[in-house]
Protein chains: 2
Amino acid sequence: MIDYKAPLKDMQFALRHNARLPQLAELPQFEEASDDMVSAILEEASKLAGEVLSPLNVVGDQTGVKLEGDDVPTPAGFADAYKQFAEGGWGSLQFEPEFGGQGLPYSLSIPVMEMWQSANMAWGLCPLLSQGAVEALAVNASDELKAQYLPQLISGEWTGTMNLTEPGAGSDLAAIRCKAEREGDHYRITGQKIFITWGEHDMTDNIVHLVLARLPDAPEGVKGISLFVVPKFMVNADGSLGERNDARCVSLEHKLGIHASPTAVMSFGDNDGAIGYLVGEENKGLACMFTMMNNARLAVGLQGVAISERAYQQALDYAGEREQAGVILRHADVRRMLLTMKALTEAGRALAYDACASLDFAHATGSKAENARAALLTPIVKGWCTELAQEVTSLGVQVHGGMGFIEETGAAQHYRDARILPIYEGTNGIQALDLVGRKTLFDKGEAAQALFTEMDSALNALQSTSGFEKEAERFATALTSAKEANAKLLEEGAKDRKWPGAIAFNYMMLMGTLAGGWQMARAAVAAQTAEGDETFLQAKTLTTRFYMAQILPRCQAYAATVMNGAEDILAMNDEQLASAWYS
Amino acid sequence: MIDYKAPLKDMQFALRHNARLPQLAELPQFEEASDDMVSAILEEASKLAGEVLSPLNVVGDQTGVKLEGDDVPTPAGFADAYKQFAEGGWGSLQFEPEFGGQGLPYSLSIPVMEMWQSANMAWGLCPLLSQGAVEALAVNASDELKAQYLPQLISGEWTGTMNLTEPGAGSDLAAIRCKAEREGDHYRITGQKIFITWGEHDMTDNIVHLVLARLPDAPEGVKGISLFVVPKFMVNADGSLGERNDARCVSLEHKLGIHASPTAVMSFGDNDGAIGYLVGEENKGLACMFTMMNNARLAVGLQGVAISERAYQQALDYAGEREQAGVILRHADVRRMLLTMKALTEAGRALAYDACASLDFAHATGSKAENARAALLTPIVKGWCTELAQEVTSLGVQVHGGMGFIEETGAAQHYRDARILPIYEGTNGIQALDLVGRKTLFDKGEAAQALFTEMDSALNALQSTSGFEKEAERFATALTSAKEANAKLLEEGAKDRKWPGAIAFNYMMLMGTLAGGWQMARAAVAAQTAEGDETFLQAKTLTTRFYMAQILPRCQAYAATVMNGAEDILAMNDEQLASAWYS
């Protein structure tokens, strides 16, 4: 097992050439984001990631977490690593200076977040969730609540959680039954939540739970959900901690991966009811939650990139050491695997960073187009980048041969850890539905059309770059097939409500694979004139060639399944599904 | 978690219509294999699988195995289940009556083997390996060795193992260093072997190790390897057990999956040297090992089908129970996942059974064409069916949503267990090399051409079947692209030795996906006139339509990557592979 080395060159290249950081730095809000500053931040973060968090990744997997009484002790080293993280101000990069943030672009915080997730995904979930809590409070909470909770969440003194899921209500938020009753300036919360990531731990003195619950007189369904802040310890007016709130972890899940990340069953109000404070307005909790969910979805897509990077580094190291009739790195099929890993990871990184940049541009300039672009790309980043993480971490196991199946090697941990990514923050089926429904059919394909126009420009640029004739042809083929699939979706989706849902997943994979190619095309064109490490720039060109030749043809298959339509997906009845055995 | 139900209807259908059992039963050797007999055997086997082995699957995963002194106690219930297996004569179906076998077709033993693997893959590896040992001895051993070992291996009184891999020599058998020294009528074996499946256990009184080792005067490389029988306990002339041999398990691996299957490090000759008996001729061990390896490869492909079936049953059951704005079974994307699982599993089953049938025809009639067909299909069955098992078991997790990531649900175990399949018995990279090299380039595409001719016939039959116009067109498209890829392989492979290795994996996936479509085409045509359960036959038709519309288009992508060639796979140098980070 080797420790993680942040791919600083690729991160900076993607920030500059895919995520348009130079343009962003021209905006008055972000003029501090100079190249030198970005370098300094990323290099400093890479030390914490590589030297502190990365060595704890295996320990965390092997030790896991257990509930002891009301407490969840974290694996050795985790709390200290968290302390270093907080002291370094790493949780505050992109937040408002008013509450102690550093006011940097969100997209600059993204490679830093990627590092934590590469180094130690189980640990990294804690700051990831805290960041979501900050976003939800910053946008929706009253000034008083903000003043009371944001500084400590942003500084990392406390951590935050998201409490959505209940037993029997997974992705279906309409089924939420947790209760909130009014009581003076606060509410009493009762009920149980499951799958609460980092719901209990010993790394900080307090934990701030954001909890969805329903008022007694709330309308049914998602329009009757409210969002509450429920702290583990009550917070006094002077900011000091008061009594223990009636909110407790009652058990932890035994999971396939991310063993060091406590996945809690949380019980609110087993005694008097947990005291909670309303965030935003009553019955408007879903909208509040969405502000954090959208960013969290991008962050989960980024986790897919992050764990892919880690799996690649591990596999490359092994392939360079392992002798089998010569070092296996030189075997053609091992090279195919490594290049697939590298190409998917870099394409995913470029796409995720660029999507995050759209949010910065939208926030800074109020651009509706950038906002729609971010909204369209979000399910693609979450869905496609987490699917590619399955492929890349599996290839990581495969490169190791028999050793890949042995837990001590470490490749299997990445494979197990990665498997949560297509599931949480909205399953990839839900992402695909979001993409075909709210993000495509709802605006009659407008945002998709704008994206295709951007891709047309990238294609033109590639065509005008000497030596990329084949690549341009391959990208053009994929782009055409995606446009056809998009037209078909708009046509059939207008006629039949079931059709889009049936083809949604393959449509998402089509758009993701294509968007990866688009980002690689942009990168290759930029690499021809960019200054910097020659080896890296040559590798970027060759990785793009590989992507276009060996990955992008998947678009033809995805597009064909979309064009073949929903009919054969929906034809079989329940009885036929189970007809191969005697019942 | 639900217990396994053998898909008897599909198994019998695949035997009859894909594996040509009626024609086989017309041969004098196999006239006993009547429909009634086949039904009776499969039904009886399904009881042991569903009622005894299946409930032990989770127990085995959770308990795992540990080395205690020299012994490896198996999880509760395992030894008793094995006793029932041996007493039922389940290990003897396809073997020679001379040594206690039942003389049935190999292809009839295949669905029975599938059941053990579906029910409990970790347990099922034990009889699978024993079967391989029987095959190696039956073909290669002296009459004396056969008489001494075959009856007990066939009856199941003893189990067998394959000892190939050594530390530092994975797939590269030329690097084997285990020593064998002549000593009278036997040999003394010394050395260490790793990854020995069921190398030690308490289910039987004796274990028969087949061990590759090198004589002092042996030529270098694979031409200097000999095969030896090394029993755990010496066998006296009267068949009773004598002294403990100097062959011991010294540790067990801690693995991602198949926790109940002991993966042993075996040490031979720590004291005086383990006593071994030569199988076949000196220095001809590799050929002996290949007789068992080829069948074992088919069996591992079958494990892919088996675990896919199990994952499908689990997912279908959950999807039918789980409510989320209606039962999730009715959600279009869940249906897509379930149908993908079902279609891949049934296509894989039909292909695996048919490949095994070729071995029966070849053995019974001496047909060289059937032999070449089996040889061509073997790496496809091993490679493609184990890759599809990754997809199917992952979809099985995904259908469960968040519950899929929780170990208690059971879906994650199938996912973990399945991950070994693309690795052992020759990694899928090695299968792909075998397919493009020894099985295609070596005979200048003759066997591949014969297969394409069979597929042309199946296409004609589909075209002549009313209502399958679209499916015929889709199959024709895939078939054409595979023929083009095959021609390209023959052309480029003749010019450049590195080219075939670089495109091998995608070529294998192309051939597998196409061959699955071919088998489904045959099945659909047969289903139109077959007698039997109407619901099942309708489902077969609809599954075929789904396969052709939603799975088969992958051939276009695989073919395109082959046509795009090796260039972009081999262009990058070692330094460039690691150029994204500072070293």
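Author: Begin with burial. A residue counts as buried if 20 or more other C-beta atoms lie within 10 Å of its own, as exposed if 12 or fewer do, and as partly exposed in between. Keep in mind that this is a predicted model.

Reader: How many of the 8 residues of helix 12 (residues 411-418) of chain B are buried?

Author: 8 of the 8 are buried, so helix 12 of chain B is largely enclosed by the rest of the structure. The buried residues are B:Ala411, B:Ala412, B:Gln413, B:His414, B:Tyr415, B:Arg416, B:Asp417 and B:Ala418.

Reader: What covers the buried residues of helix 12 of chain B?

Author: The cover includes helix 4 (56-63), helix 7 (121-140), helix 9 and helix 11 (368-399) of chain B.

Reader: Let us take another helix. How many residues does helix 10 (residues 332-365) of chain B have, and what does it reach from its first C-alpha to its last?

Author: Helix 10 of chain B has 34 residues and reaches 49 Å, close to the 50 Å expected at 1.5 Å a residue. Of those 34 residues, 30 are buried, so helix 10 of chain B is also largely enclosed by the rest of the structure. Just after helix 10 of chain B comes B:Gly366, with a positive phi of about 70°.

Reader: Where are A:Glu425 and B:Asn283 found?

Author: A:Glu425 sits in the loop between helix 12 and helix 13 (428-441) of chain A. B:Asn283 is in the loop between strand 10 (274-279) and helix 9 (285-321) of chain B.

Reader: Is A:Glu425 buried or exposed?

Author: A:Glu425 has 26 C-beta neighbours inside 10 Å and so counts as buried. B:Asn283 has 18 other C-beta atoms within 10 Å, which means partly exposed.

Reader: How do I describe two helices that pack together?

Author: Two packed helices are described by the angle between their axes and the distance between the axes. Take helix 11 (residues 368-399) and helix 12 (residues 411-418) of chain A: their axes come within 8 Å and cross at roughly 160°. That makes helix 11 of chain A roughly antiparallel to helix 12 of chain A. Their crossing is left-handed.

Reader: Which residues make the contact of helix 11 of chain A with helix 12 of chain A?

Author: From helix 11 of chain A come A:Ala389, A:Gln390, A:Thr393, A:Ser394, A:Gly396 and A:Val397, while helix 12 of chain A supplies A:Ala411, A:Ala412, A:His414, A:Tyr415 and A:Ala418. By class, this contact has 6 nonpolar, 5 polar and no charged residues.

Reader: At what angle do helix 11 and helix 14 of chain B pack?

Author: Their angle is about 95°, with the axes 9 Å apart. That makes helix 11 of chain B roughly perpendicular to helix 14 of chain B. B:Ala369, B:Ala372, B:Arg373, B:Ala375 and B:Leu376 in helix 11 of chain B meet B:Ala447, B:Ala448, B:Ala450 and B:Leu451 in helix 14 of chain B. The residues of this contact divide into 8 nonpolar, no polar and 1 charged.

Reader: What is B:Leu451 in contact with, leaving aside its neighbours within four places in sequence?

Author: B:Leu451 is in contact with B:Arg373 and B:Leu376. B:Leu451 belongs to helix 14 (residues 446-463) of chain B, and with 22 C-beta neighbours inside 10 Å it counts as buried.

Reader: Now a loop residue. Which residues does A:Gly100 touch, not counting those up to four places away in sequence?

Author: A:Gly100 touches A:Ser92, A:Pro151, A:Ile154 and A:Ser155. A:Gly100 lies in the loop between helix 5 (78-87) and helix 6 (106-119) of chain A. It has 18 C-beta neighbours inside 10 Å and so counts as partly exposed.

Reader: Last, the two chains. How many residues does the contact take from chain B and from chain A?

Author: The contact takes 84 residues from chain B and 83 residues from chain A. Helix 17 (residues 534-551) of chain B gives the most to chain B's side, with 9 residues. By class, the side of chain B that touches chain A has 42 nonpolar, 22 polar and 20 charged residues.

Key: Residues numbered from 1 in each chain as written. Chains lettered and ligands numbered in written order. Predicted model: local features only at pLDDT ≥ 70, side-chain atom pairs only at ≥ 80, totals over all residues. Contact = placed C-beta atoms within 7 Å. Helix = DSSP H or I, 4+ residues; strand = E, 2+ residues; numbered from the N terminus. Nonpolar A, V, L, I, M, F, W, Y, C, P; charged D, E, K, R; others polar. Expected span 1.5 Å × (residues − 1). Axes fitted to C-alpha atoms, helices over the stretch in contact; angles between N-to-C directions. Parallel < 35°, antiparallel > 145°, perpendicular 65-115°, else oblique. Left-handed = near helix turned anticlockwise from the far one by under 90°.
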